[in-house]
Amino acid sequence: MFNIPFLDLPPLRAALGTVTLPGSKSISNRILLMAALAEGRTEIHGLLAADDTQVMLESLRTLGVQWTRDGDTVTVDGMGGRVPQAQADLFLGNAGTAMRPLAAALALMAARYGGDYQLRGVPRMHERPIRDLVDALRGLGCQVDCLAQAGYPPLRLTGPSSLHLDTPVRVRGDVSSQFLTALLMALPLVAQRDVVVEVEGELISKPYIDITLALLGRFGVRVQRDGWQRFTIPAGSRLQSPGRIHVEGDASAASYFIALGALAALGEPLRIEGVGSDALQGDVRFADAAAAMGADIRLEPNALLVQRGRWPLRGIEWDCIAIPDAAMTLAVMALFADGPSKLTGIGSWRVKETDRIAAMATELRKLGATVDEGPDWIRVEPLREWRPASIRTYDDHRMAMCFSLAALNPLGGHGAAPVRIEDPACVAKTYPDYFETFFGLVQADAADVPVICIDGPTASGKGTLADELAQALGFWVLDSGALYRATAWAALQAGLDLNDEAAVAPLAATLPLRFAGGQVYLGEENVTEALRQEAVGLGASTVAALPAVRQALHALQLGFRRVPGLVADGRDMGTAIFPDAPLKVFLTASAAQRAQRRHKQLIFKGVSANIEGLLADLEARDLRDKTRSASPLKPAQDARLLDNSDLTIEASVDQVLAWWADQRPF
Ligand SMILES: Nc1ncnc2c1ncn2[C@@H]1O[C@H](COP(=O)(O)OP(=O)(O)OP(=O)(O)O)[C@@H](O)[C@H]1O
Ligand SMILES: Nc1ccn([C@H]2C[C@H](O)[C@@H](COP(=O)(O)O)O2)c(=O)n1
């Protein structure tokens, strides 16, 4: 996950490949709660691993429910209708799918058996209304207190108290369908007689109620539904584990990849695995809206294949009442259309992680779009001239994910503007690896992918600086010295003369080199430590002087220029490999300082070294690197010089980040 203040996306041109969706958030949290309330043990496969499911799991643990995790399988020992802990204080972050159902289940259990539970969350959770559920629970006889503001969390649920199950429970359905879901999941706990729930007002997000009913069915509870106004939980209903259950892929998350396919899968379709025509989730109907905009979509039972169809996309008017979460993606797709698009039925956006209508309108305007909004609708004009924009995400995972699609702007006409996503880690709520997955599918012109070059002599701190910059910006790193070191090491292993260009160059051209998890492998062998030996460094300096070796490693180095960007460390990054890089830094420090740093580094690793010897080796290496004819070590004409002899690592990093910030258009 990119746990950094912002992530810059370069302009993107195409998409290709296969994505396997993470488990659905809505299904994961419903199943977790039902499994916890049920009798018996439930093995849940494909559970979403994200913040919202984590808060549910932790809350269940606090309540005394036993569970274990093995990869994406979680096994829950059901508590059979009675919470082991009669008292608990639960923190539920901003997870509506945890707050509402837990509130209903714990209120009923406190009423029946006695108890004292407090439910709280992040500040935004305390602004999200829960009055309709509180009113319904109070109507049932539960004791529910709003601890701060009436109608909002935090809540305190206490008991015992007498429940009135003989008259229908009334709940409003026009703010959030989660209130009804919460009651439907909790009421089987007390259904000694038929319990009737009546919905007041037009029920929104009906497909989510379908999911609830289908999952209750898997847990042995057959709710009778009369239209969308009346639901009966039959007397004697009890949640019983189905044994094993599988969580289907997240259909709301699929919307980003459906859009990606519609915009940018030009030759062959993007394959999206985890949801398809068999999906329980209503958000899969997002595919209808995308198709209406012109996407070419094929459905398989558990997969979607999407490519660009009509182009530009068609502007649409769409009632999104059934697909509120996925509908945000349509608002960004609308930028690529041939006319305006109007999305209606999205009043619930106002009470989600943020006021999504306001947030969406504000951020689309930053890109240059004309946007109108109303209480429950938004109208977006297509964009002709794209502006680089820094997108605020409001701690809302869906803002971050759907605005990643704005980086496809070169496809929209006169674009090619980078897009900055602020606080990209907010995707942790439902899709921690979203950006990694996205980057694995998209393609950009190499010239659009930014590179920061850090060249300089040995032990000046290039590698340290490159790693820190890459970490701060979410970029890839190229340690080009490792390629020369690996060549020297392989040549030494093969008993070659390091000056034998004809023998060493073919070795460089076919190096089975692999970087993984901060380690360097040659074939199956981990050579990380071996390559850092001083003798190998000196050997690298020798083979690096051979033009055929440099030529053999050229294409390999270019291949590291990948979305979202690269920090490249070496001797000729700015002069020979990435001459068009937007920022080149030539990093130096006095030879005495560098010898001292290397000495400290070696002693720390437990390698004995003497400072005079190191200084002599380092000066010999400098001389060879600077005086060779092929790509000698020297600053590029447009390089910024940074002498860090008297700078800390942090100060060097801050300086380069400041130079980088000056270049960015945000
Ligand atoms: N500004 C700095 N101040 C003090 N120490 C530093 C500074 N920058 C780097 N160092 C330390 O110097 C040592 C050498 O740094 P590093 O390995 O990054 O150099 P390098 O230029 O990449 O070397 P090489 O070219 O040999 O790979 C490390 O122990 C690092 O922590
Ligand atoms: N782009 C590069 C990177 C490295 N070299 C040579 C010169 C160095 O002495 C040797 C080892 O590099 P290090 O790991 O110390 O950065 O490799 C080069 O010529 N060009």
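This briefing describes the domains of a predicted model and the spaces between them. Because the model is predicted, local features need pLDDT of at least 70 and side-chain atom pairs count only at pLDDT 80 or more, while totals for chains, interfaces and linings use all residues. Residues are numbered from 1 along each chain as its sequence is written, chains are lettered from A and ligands numbered from 1 in the order in which they are written, and side-chain values use heavy atoms, with hydrogens and water left out.

**Domains**
- The domain assignment, which is automatic or from a database, gives domain 1 (6–22 + 249–443), domain 2 (25–246) and domain 3 (447–663).
- Taken over C-alpha atoms, the centres of domain 2 and domain 3 are separated by 56 Å.

**Second largest pocket**
- On a 1 Å grid over the protein atoms alone, a cavity is a set of points where a 1.4 Å probe fits but cannot get out, whereas a pocket is an open set with protein on both sides within 12 Å along at least five of seven lines, and lining residues have an atom within 4 Å of a point.
- The second largest pocket is lined by 29 residues, and Leu21, Pro22, Gly23, Gly46 and Asp72 are the ones nearest its centre.
- Domain 1 and domain 2 both give residues to the lining of the second largest pocket, so this pocket lies between them.

**Largest cavity**
- The largest cavity is lined by 28 residues, with Arg100, Ser176, Gln178, Asp325 and Lys352 nearest its centre.
- The lining of the largest cavity draws at least three residues from each of domain 1 and domain 2.
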